[in-house]
Amino acid sequence: MNDYHHFKFTPSVWLLPTLLLILIWFVFFLEHSLNVNLTSHGILPRTVSGLQGVIFSPFLHGSLNHIANNSIPLFILTTALIYFYRDISLKVLCYGILLSGLITWVIGRESYHIGASSLIYVLVSFIFFKGMMTQYYRLMALSMAVVMFYGGMIWYVFPDIDKTISWEGHLAGLITGFFFAAYYKTPDYKKAILYDWEKPDFNPEEDMFMKHFDENGNFVNTSEPEELIVEITPTPAQYVYVFKETPNDTKQSD
């Protein structure tokens, strides 16, 4: 099947990431304009009240710098996810928020964990590992691009790198993305057939171009078949004359 059947640019590719960012920024401005602190709605590990943060934490940010740093990668990675993995993109986003949040709730420190960075790690992990698993050149190129731009994020899944960030949330996102990459199946992507030699039933012995090569791969200038010239002797034209006597019906008068 042609890969263009799967990779199509539609308004949903940019519309959903845009709506997600609008929602995150709306919550941020609402919190600061009303002078309320919504941090208590984040993930508080191993507490019943902290389970609400599994859903709410990706939409909560502590500072302008925090939300600004998360906005650009979240938009880019979500757009890439929807474009290249359209059929499973919503599952990765929704279940990614839930599963990474639950893992953070289990392994996290006794502190509130907020921010969309765990979801970002889900997307980075999923796109990288899934592209490598498919062995398809376009998705592998996407994986390499993710590594090039966001590969440095791997250091922030380890403790003591920065005590002000939730390394537990980052690690939970990394684990979740890898799990989804192994769990969710993708179509069998195939490159479009452009040449006859790419077809499964191609027979090189019947191909006119391949006949110019011997069994060792050396080019052989094959002689062109001689043209058969047939001389046609023109037949002289024959003319047949037929004399027909016309009866004389006119009588001579005296």
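Start with the secondary structure: the chain has seven helices and zero strands. Read from one end of the sequence to the other, the pattern is α-α-α-α-α-α-α. Keep in mind that this is a predicted model.

**The whole chain**

Show the whole chain before selecting anything. Of its 254 residues, 34% are buried. Contacts say something about how the chain folds back on itself. Among those between residues at least 6 apart in sequence, 76% join residues at least 24 apart.

**Stop 1: a nonpolar patch**

Select Phe 9, Trp 14, Leu 15, Leu 19 and Ile 22. Together these residues make a nonpolar surface patch of about 520 Å². Ile 22 belongs to helix H1, which covers residues 12-33.

**Stop 2: Arg 46**

The phi angle of Arg 46 is near 60°, which is a positive value in a residue other than glycine.

**Stop 3: the salt bridges**

Side chains of opposite charge can pair when their charged atoms come close. How many salt bridges does a search of the whole structure find? There are two.

Select Arg 109 and Glu 168 for one of them. In this salt bridge the closest N and O atoms are 2.7 Å apart. Arg 109 sits in the loop between helix H4 (89-107) and helix H5 (117-134), while Glu 168 is in helix H7 (residues 167-183), so the pair ties together parts that are 59 residues apart in sequence. The two partners can also be compared by accessibility. Arg 109 is partly exposed, at 34% relative accessibility. Glu 168 is buried, with a relative accessible area of 0%.

Next select Asp 160 and Lys 163, which form a salt bridge with their closest N and O atoms 2.9 Å apart. Here Asp 160 is exposed, with a relative accessible area of 60%. Lys 163 is exposed too, with a value of 62%.

**Stop 4: Gly 115**

Go back to the loop between H4 and H5 and select Gly 115. Is Gly 115 buried or exposed? Gly 115 counts as buried, at 4% relative accessibility. To see what lies around Gly 115, leave aside its neighbours within four places in sequence and display its contacts: Ser 57, Pro 58, Leu 60, His 61, His 66 and Asn 70. Then draw a distance from the C-alpha atom of Gly 115 to that of Ile 24. The two residues are 91 residues apart along the chain, and these atoms are separated by 9.5 Å.

**Stop 5: helix H5 and the residue after it**

Select H5, a helix of 18 residues. From its first C-alpha to its last, H5 reaches 26 Å, close to the 26 Å expected at 1.5 Å a residue. H5 is mostly covered, with 13 of its 18 residues buried.

Just after H5 comes Gln 135, with a positive phi of about 60°. Gln 135 is in the loop between H5 and H6. Gln 135 is not glycine, yet its phi is positive. At 57% relative accessibility, Gln 135 counts as exposed.

**Stop 6: helix H6**

Finish at helix H6 (residues 137-150). Its 14 residues should span 20 Å at 1.5 Å a residue, and its end C-alpha atoms are 20 Å apart, which agrees.

Which residues of H6 are buried? Color Leu 139, Leu 142, Ser 143, Val 146 and Tyr 150 to see them. They cover an arc of only 100° around the axis, which puts them on the same side of H6. An α-helix has 3.6 residues a turn, so residues three or four places apart point the same way. To see what covers the buried residues of H6, show helix H3 (64-84) and H5, which are included in that cover.

How values were computed:
Residues are numbered from 1 along each chain as its sequence is written. This is a predicted model: local features need pLDDT of at least 70, side-chain atom pairs count only at pLDDT 80 or more; totals for chains, interfaces and linings use all residues. Side-chain values use heavy atoms; hydrogens and water are left out. Helices (H or I, at least four residues) and strands (E, at least two) are DSSP runs, numbered from the N terminus. Buried means under 20% relative accessible area, exposed over 50%, partly exposed in between (1.4 Å probe, protein chains only). Contact means heavy atoms within 4.5 Å. Patches are made of residues with over 30% relative accessible area and no salt bridge: like charges are joined within 9 Å, nonpolar side chains (Val, Leu, Ile, Met, Phe, Trp, Tyr) within 5 Å. Accessible areas come from the Shrake-Rupley method with a 1.4 Å probe; for residues, only the protein chains shown count as cover. A salt bridge is a side-chain nitrogen of Lys or Arg within 4 Å of a carboxyl oxygen of Asp or Glu. The expected span of a helix is 1.5 Å times one less than its number of residues. The arc is that of the directions from the helix axis to the C-beta atoms.
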